[in-house]
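Good morning, and thank you for joining this meeting. Please look at the sequence and the structure while I speak.

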Amino acid sequence: MKTIGITGGVGSGKSELLSYIKEKYSCEILLADDLAKELQEPGGVCYAPLIKLLGEDILDGDGSIIKTAMADKIFGDAALLEKVNGLIHPAVTAEILRRIEEAKKNREIVLFFVEAALLIENGFDKICDEMWYIYADERVRRERLAHSRGYSAEKITAIMAKQLAEEEFRKNCQVVINNSGSLSESIRQIDQVLEAYQWQR
């Protein structure tokens, strides 16, 4: 089994490309954002520590964490944000590692993809067999974010300012998929890489 980390800036189109990969190839795909949400649900490893840290007023009537209430508490409080990230990020990393090991026992899974914005920052270049950078030029990313998520230009600028520079992504990734153009062109690049792996097997 080959473990591949997928990363890239906001609006680069990672989700759309992973949807294609999931349809065509024998693989498992793990999205770090979805996993983080799962771990914050009742019974998840982050649930009780987050309530202890933030208080029970972040819960709804069913006992689930209200994401907007949690965000309101953290907003503008850098120290609290650091504590929340200190709970969630290690838990997500540990669960990803557990699921990778579990997948290795399943001989039908040939490719295991892990997608997260912070893969490089969290040291996944040392965990994954290979890292892929999904690149799209800034103009394209801005257009996508404005259209698909309704983000303002100011919000897009603020988000992009917090992410790694293009040089850092390229330096830490072995494969670059240019997703600035058509979906069909991006698919061609993906197939070229993944079909070569299948031939090698």
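An axis, in this talk, is a line fitted to C-alpha atoms, for a helix over the stretch in contact, and the angle between two axes runs from 0 to 180 degrees between the N-to-C directions. Please keep in mind that the model before you is predicted.

I begin with a pair of helices. Two packed helices are described by the angle between their axes and the distance between the axes. Here, helix 2, residues 32-39, packs against helix 5, residues 78-104, at an angle of about 110 degrees, and their axes are 10 Å apart. Angles of 65 to 115 degrees count as roughly perpendicular, and therefore helix 2 is roughly perpendicular to helix 5.

Which residues make this contact? From helix 2 they are Ala32, Leu35, Ala36, Glu38 and Leu39, and from helix 5 they are Ile88, Ala91, Val92, Glu95, Ile96 and Arg99. Sorted by class, the contact of helix 2 with helix 5 has eight nonpolar residues, three charged residues and no polar ones.

Let us take one of the charged residues, glutamate 95, which lies in helix 5. Is glutamate 95 buried or exposed? Its relative accessible area is 14%, so glutamate 95 is buried, given that buried means under 20%. The side chain of glutamate 95 makes a polar contact with the side chain of arginine 99, at 2.7 Å. Not counting residues up to four places away in sequence, glutamate 95 touches Leu35 and Leu39.

I turn now to the interior. In soluble globular proteins, nonpolar side chains tend to be buried together. In this model, the largest nonpolar core has 36 residues, and those touching the most other members are Leu50, Leu54, Met70, Val84, Ile88, Val92 and Ile96. Two or more residues of this core come from each of helix 2, helix 3 (47-54), helix 4 (67-74), helix 5, strand 3 (111-115) and strand 4 (130-135). Helix 5 gives the most, with eight residues. Apart from this core lies another, of 20 residues, including Ile4, Leu18, Ile134 and Ile190.

Methionine 70 deserves a moment of its own. Leaving aside neighbours within four places in sequence, methionine 70 is in contact with Gln40, Leu50, Leu54, Ile58, Ile65, Val84 and Ile88.

Next, please find threonine 7, in strand 1, residues 2-7. Threonine 7 counts as buried because its relative accessibility is 0%. What does the side chain of threonine 7 reach? It reaches the backbone oxygen of alanine 116, at 3.1 Å. Beyond four places in sequence, the contacts of threonine 7 include Lys14, Leu119, Trp132, Phe169 and Cys173.

Tyrosine 197 belongs to helix 9, residues 183-200. With a relative accessible area of 12%, tyrosine 197 is buried too. Along the chain, 87 residues separate tyrosine 197 from valine 110, yet their C-alpha atoms are separated by 9.8 Å. Setting aside residues up to four places away in sequence, tyrosine 197 touches Lys2, Ile4, Leu111, Glu130, Trp132 and Val175.

Finally, I come to glutamate 23, in helix 1, residues 14-24. Glutamate 23 has a relative accessible area of 71%, and is therefore exposed, the cut-off for exposed being over 50%. Glutamate 23 and leucine 118 are 95 residues apart in sequence, and 25 Å apart in space, C-alpha to C-alpha.

Thank you for your attention.

How values were computed. Residues numbered from 1 in each chain as written. Predicted model: local features only at pLDDT ≥ 70, side-chain atom pairs only at ≥ 80, totals over all residues. Heavy atoms only, no water. Helix = DSSP H or I, 4+ residues; strand = E, 2+ residues; numbered from the N terminus. Parallel < 35°, antiparallel > 145°, perpendicular 65-115°, else oblique. Contact = heavy atoms within 4.5 Å. Nonpolar A, V, L, I, M, F, W, Y, C, P; charged D, E, K, R; others polar. Core = buried A, V, L, I, M, F, W, Y, C linked by side-chain atoms within 4.5 Å. Buried < 20%, exposed > 50% of the residue type's maximum accessible area, 1.4 Å probe, protein only. Polar contact = N/O pair within 3.5 Å; in protein donor to acceptor, adjacent residues only side chain to side chain.
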